[in-house]
Amino acid sequence: MSLLGIIFQNPSPSPAGVPGANIFSSPVLLSLTIWVPVIVAVAIAVMPNPRGRYDLLMKQIAFFCNLGLVFVLFIAYNQFESFLPTVQYEEKLAWLPSLGVTYHLGVDGPGLVMLLLSGLVGIASVLGSLGIRERVRAYFSLLLLAQAAVNGAIVSRDMFVLVLFWGASAIPLALLVAGWGGPRRTSAAWRLFAYWGLGTGVLAVGVFALYTVTGAQSFDMDTLLKSGVLSSRVQIAVALVMIVAAATRLPLFPLHGWVRDALSEGPPGTVVIIASAASRLGAFLLLRTVIAGMPVAGHLLSPVLAALAALTVGYAGLAALRTVDVRHAGAYLAMVPGGITVLGLAAISPLGIAGSVLSLFTGGLAAALIAGVCALTIAALALLGVPILASFSAEVMTFFGAFKNQPIGAFAVAAGLAVSAIAVAVLLRRVLFGSPNPEAPGVSDTSLGETWYLGLLAGGLLWVGLFPGGPKIPGTEVPLFDPGLLNQMTAGISDMASPYVAPTPPAQ
Amino acid sequence: MAMFGIVVTMLLTLLVAWGLTRRSTPFVATYQYINMSVAFSGPSNFQTFTLQLILHVDHLTVVALLAIEICMMAAIGWHSLMGRTEPGAARFHAVITALLFACSGMLMSWDLAELFGFWAIGGALTYLLLAHRWGLDEAASRARVALALPFLTDLCFLCGIAWLYARYGTQNLSSLVPILHTNPGWTWFRLMPIVVASNQQTLRALISVTLVAAIAAPLLGMLGNEPRRAVALNGSGAVAVAAAVLMNGFQVQSSTFAIVGVAAVLAIAPARAGGVLALASIASAMRTDDLAEMGEAWRRLRASAGALLVTAAVMAVADCGALAFGVKSRSFLGFALGEAVLLVAVGGLRIYLAASFGPLRRRRAFEPERVRQVEGALGWPYLLAIAGAGFLVASLFAGWLNFLDGQKHPAASVGAILVWAGVAIVGFAIAAVSYVRGKDGALAASAAGGAWVHRSLMVAFAGIDRFLIRPTTDIARRLEDWVPAGDSALGRFTSTSGQLALAAGRVPALPIVIVLAVALAIVFAIVAPGVAR
């Protein structure tokens, strides 16, 4: 054994720890990710800013707030115990005891993946918003509120709180599109708000139905979904409601009406959040409720999910191929990763579910890149799952997992991906090699801030693509500073996927 | 810099080859890329998912690597002289170097998912190489097809691997070989598990497809006077013959039959690349891409014409060894493949004859007397031609086949080799006679055939566009219109109902209730038994 191996050798029988792990821990770690942005947003909102004198300061505050959050998240990621199937960093306080509502937060592997995505995207969104010149105070306040709401929806373990955060995320994002978007921003914002509002309403109906049916006097996710009292009919009915709610967010065909306008008219920093973390919440909801909590419905409705995935990917490819507007094409193509994630869920196999969790992260980053029509070549490669980038691992796992239970769905999604590939080729050619439009305003390359935000998103894809299990000290299995996203996300997946494991064949 | 990278890679390959002579087992290096536990119960092979990057280098891999490196080296060397005016030199060199990486990865992969990864990188890079000339509309539209079709087949490949995984819970060749009870000596053919896992009917279908390709490709190459397309199609025909022999080897469970197909491909690959480069030199010097406008290359561009002749000969004869080892000339398969070899020979020599002989006519802004060979670019097509010829000669000996896959193979009879070489010679003779008797007539016939093919393709594409692409994209467009219109209507409906509800709130309730009660009473009275009925 090498000297380094001896130095970093892990004496405990538990999985190899990362050097530096357990240095820092906080009982309010998850609350920090929600309430720090809220406090900073309020502070920015009330700060005097005569004639925009402190615009730059506000941008800096928003940036350092996000940087701090990413630091906290990195600690959470680093300390996460990947071998524990239970929820970690749990916080539980009674809020409305008469209704059974608790302020219950916690994350498992998939939740951690989503939080990391949200953190990365948070920084990227601020960097992408450095060009904002009007009403800077309001813009960054709303941006931080949106991030807080998204983080809240990710970590909440109480379904009442989930509905609140879920709905709350729609308001600042719609306002951002309405206030700082392109020429058709008003209709885009209304459309976004209407669809996401519909989703929130439907989700609330589903949650209240669960609350009534179980009679548990609690909105806690574990109580509602793991009570074991849900009959097959109830599971199917509630699962259908959840699918509708998720389809408005992710989005899935045919509830995708907001995508084109919101992603093409919104300001770049906002589009990054909408296309990635905020919309991935749809798939996250499906994973949490339908797949993890309602196995009977998961089994019965998986063909429906596969069909929705195939329709979404195929439609996105065709629509992107058909449109002549480059930003519309980018917006449609941003639907593709969502389809792949849902195919993984429809696979109802442990590997497929793991693939879909990874694709929450990779798809979020790829969608953010392609929706912004920037770093086009990398975005295109990430979208199509070309190796070296993380989306390759996600797609391989999803397809491998899907083939046993959903072969037709997997083939259909593959065909849709081929159409998307053509659309990507057309988009690349138009943007990179097409003749310039003489009537269009002059173009310029990305600014320094935009370059950093693109680099951050592309770097995230590249890092996880190169080291899905984290970098190791050469010659050993000891991880360096990064324990590996793939290792950390497995916590909880086995538990979620346990109802779908194929029976062990009898010994010969 | 790119050339330096390839030279270093080649030196490393030679070092590995030297190392292989000192040991009896292949070199294997493993890196664990993904290893995750996904379930704690159920079949043990589905409880974890492992994707290892396994680099497995045996004799065949080393030889294939050398063949690819020679081709890449020639492409870069030739491009540095002949492609000086092309835009984006740095991009070209970067992409081609990355392509070498992908090809090397493909050849060394031992895990099917890893193989797919390198395969996909190779596909993307090929597309980016084609995109190098995206400024041209025609290049762009062809590049799109060149992306979409291979991407679709790549996804089919992924589905194939996924199917294997879904069934056996592994995609590692070392694990799959014992499960599938296949000959471990065949693992040089990385797609072997997919082929073996399929049934005999699928294998027969594969042989039929390769047979059709073997005949159709050189035939299509002869229809039309575009020289590089003709060489490329001719090469495809020759490769298809080798592939048919290989598939036949799998069907009859003969490792000799299978490896001879690979040995033939090793000879064809550099020859085809050399032919394309030689022709590109000629086309560039004569400033035309039409065989009918070419001529006198033998007098003015002797080196390029010579290289073209050697590559045409190698491509025509390359399959002879494989056919002599693996196919009976009197069988249906032998007859069909003989026809393919004949067509490859005719197609190959016809290009050489058309470019090398006959008058080189003066055209607008073109002076035949100024046609000169670019000296530095000469060596590369020759290098490829010689490499192809070397591989061809080697493929005729059983010792070479033994070396490639490490198994013992019988020697092919000289008579069989001569029979198949005779077919190619007959093809040469047919081409020579027809072009000596009337070059212009032969080329005019080719041009007419090419125009017919072009028209047919246009009709086919128009049909595809009319009946497949346009309806599907129309559906997408209509949906694109319908979805916003639909949800706008829904929004209006909601808004109107809200306004109506508000208005209803202001109306006095009693008269409304009385009116409604009277209306309902009338309706009930009408529909009640005894009134209307």
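A residue is called buried here when its relative accessible area is under 20%, exposed when it is over 50%, and partly exposed in between, with a 1.4 Å probe and protein chains only. The structure is a predicted model, in which local features need pLDDT of at least 70 and side-chain atom pairs count only at pLDDT 80 or more, whereas totals for chains, interfaces and linings use all residues. Residues are numbered from 1 along each chain as its sequence is written, chains are lettered from A and ligands numbered from 1 in the order in which they are written, and side-chain values use heavy atoms, with hydrogens and water left out.

A:Arg135 has a positive phi of about 45 degrees although it is not a glycine, and its place is in the loop between H4 and helix H5 (136-155) of chain A, where helices (H or I, at least four residues) and strands (E, at least two) are DSSP runs numbered from the N terminus. With a relative accessible area of 47%, A:Arg135 is partly exposed. A:Ile348, also not a glycine, has a positive phi of about 35 degrees and belongs to the loop between helix H14 (336-346) and helix H15 (350-371) of chain A. A:Ile348 counts as buried, because its relative accessibility is 5%.

Cis peptide bonds come next. One of them joins A:Leu250 and A:Pro251, with omega about -10 degrees, and A:Pro251 sits in the loop between helix H9 (232-249) and H10 of chain A. The peptide bond from A:Phe253 to A:Pro254 is cis as well, with omega near 5 degrees, and A:Pro254 lies in the loop between H9 and H10 of chain A.

Helix H10 (residues 259-265) of chain A contains A:Asp261, which is buried, with a relative accessible area of 3%. If residues up to four places away in sequence are not counted, A:Asp261 touches A:Arg184, A:Ser187, A:Ala188, A:Arg191 and A:Gly266, a contact being heavy atoms within 4.5 Å. The side chains of A:Asp261 and A:Arg260 meet in a salt bridge, 3.5 Å from N to O; the term stands for a side-chain nitrogen of Lys or Arg within 4 Å of a carboxyl oxygen of Asp or Glu. A:Arg260 is itself buried, at a relative accessible area of 15%.

Side chains of opposite charge can pair when their charged atoms come close. Over all chains, a search of the whole structure finds 12 salt bridges. A:Asp108 forms a salt bridge with A:Arg288, in which the closest N and O atoms are 2.8 Å apart. Because A:Asp108 lies in the loop between strand S2 (101-107) and helix H4 (109-128) of chain A, and A:Arg288 in helix H11 (residues 268-293) of chain A, the pair ties together parts that are 180 residues apart in sequence. Both A:Asp108 and A:Arg288 are buried. In chain B, a salt bridge links B:Glu296 with B:Arg300, the closest N and O atoms being 2.8 Å apart. B:Glu296 is buried, with a relative accessible area of 16%, and B:Arg300 is buried, with a relative accessible area of 15%. Back in chain A, salt bridges that share partners join A:Arg184, A:Arg191, A:Arg260 and A:Asp261 into one network.

Within helix H6 (residues 173-180) of chain B, the residues B:Leu173, B:Leu176, B:Val177 and B:Leu180 are buried. They cover an arc of only 105 degrees around the axis, so they are on the same side of H6(B); the arc is that of the directions from the helix axis to the C-beta atoms. An α-helix has 3.6 residues a turn, so residues three or four places apart point the same way. The N-terminal end of H6(B) is capped by B:Asn172, with a side-chain oxygen 2.9 Å from the backbone nitrogen of B:Ser174.

Elsewhere in chain B, B:Ile215 lies in helix H8 (residues 200-222). Leaving aside neighbours within four places in sequence, B:Ile215 is in contact with B:Ala336, B:Glu339, B:Ala340 and B:Leu343. The C-alpha atoms of B:Ile215 and B:Gly237, which are 22 residues apart along the chain, are separated by 6.5 Å.

Technical notes. Polar contact = N/O pair within 3.5 Å; in protein donor to acceptor, adjacent residues only side chain to side chain.
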